[in-house]
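Welcome, and please open your viewer. We will go from stop to stop, selecting a few residues each time.

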Amino acid sequence: MDDERVGSTWDPVREKIHFLRIEAVTERTLPYADNVFNGNSHHSHCQPQVISMSQSTPVNFENRDAIDGLNSLFVERWSPRAFQSYSIELPMLTRIMEAARWAPSCYNEQPWRFYTSTSENFDDFLGLLLEGNQRWAGEASVLGFLVGKKYFSHNQKENSSFQLDCGAAWMSMTFQARFEGLYTHGMAGIKHQEVAQYLGLDTKVEQVLMGFAIGKIGDSNTLPDNLQEKETPSDRQPLAQIWNPS
Ligand SMILES: Cc1cc2nc3c(=O)[nH]c(=O)nc-3n(C[C@H](O)[C@H](O)[C@H](O)COP(=O)(O)O)c2cc1C
């Protein structure tokens, strides 16, 4: 049987070795600039804690009650609105996009297309967000839009998985952003039609799926009052709510 995980042939020892290899590679590639994202050791039980994501902005993860053994990458990803002024160099942004490139997709179609702002057109991108998002996203380093291709290239048939695949790519880039000491914040609150027009898309074959902000976390005191209240990592439903192991 090819897949060692199937039935009783799954070997947890080999699985563990594989897992450690992944961790070793991950550790090597992590540029721990400041003490951002410190949870990738072999002893990374996911203990909720207060971590200083930058010198001035500690983040409290205490309400995130993940089980022991979960890599803290998952818990220490969240969607802040407070960003600090920070210029993402092109090589770093390129690595973030490269991560999206390696996401899985149906028929390996890779239906995702990412558009990101430059310093020249940042204000245009900002203007394409709904007002509620414009109120905080202006401090992000980069704004972007994720566009999905609706049809398969090999037969021009409808690809019912394109949104799912684009979601996987978005999550890949989000995790690479974390490895770089940055955060992303997804946005459904965008002016979809205007984005399509601005980007010159053919909406018969492409769909604007979401906007996103990338940046370095900032001081929540810089946000308007009602957003300051929300500026804390959210909790989740219990595992039993989303997983039926029977
Ligand atoms: C596709 C998508 C669209 C979202 N749209 C918005 C949005 O328009 N505005 C906003 O403030 N947050 C938006 N969010 C962020 C979610 O509210 C956030 O991911 C969710 O509350 C879970 O919190 P966390 O990401 O901090 O763990 C969006 C997230 C995703 C994935």
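Which residues are around the ligand? Select W78, S79, N133, G186, M187, A188, G189, M210, P233 and S234; a residue is near a molecule if its C-beta atom, placed from the backbone, lies within 6 Å of it. This shell divides into five nonpolar, five polar and no charged residues (Ala, Val, Leu, Ile, Met, Phe, Trp, Tyr, Cys and Pro count as nonpolar, Asp, Glu, Lys and Arg as charged, and the others, Gly among them, as polar).

A word on what you are viewing: this is a predicted model, where local features need pLDDT of at least 70, side-chain atom pairs count only at pLDDT 80 or more, and totals for chains, interfaces and linings use all residues. Residues are numbered from 1 along each chain as its sequence is written.

Next, select strand 6, residues 183-187 (strands are DSSP runs of E, at least two residues, and helices are runs of H or I, at least four, numbered from the N terminus). Four of its five residues are buried, meaning that 20 or more other C-beta atoms, placed from the backbone, lie within 10 Å of their own. Look for H185, whose bridge partner in strand 7 is A213.

For the last stop, select helix 3 (residues 90-101) and helix 6 (residues 162-179). They pack at an angle of about 145°, with their axes 7 Å apart; axes are lines fitted to C-alpha atoms over the stretch in contact, and angles run from 0 to 180 degrees between N-to-C directions.

Terms used
A residue is buried if 20 or more other C-beta atoms lie within 10 Å of its own, exposed if 12 or fewer, and partly exposed in between; C-beta atoms are placed from the backbone. Two strands pair if DSSP finds at least two bridges between them.
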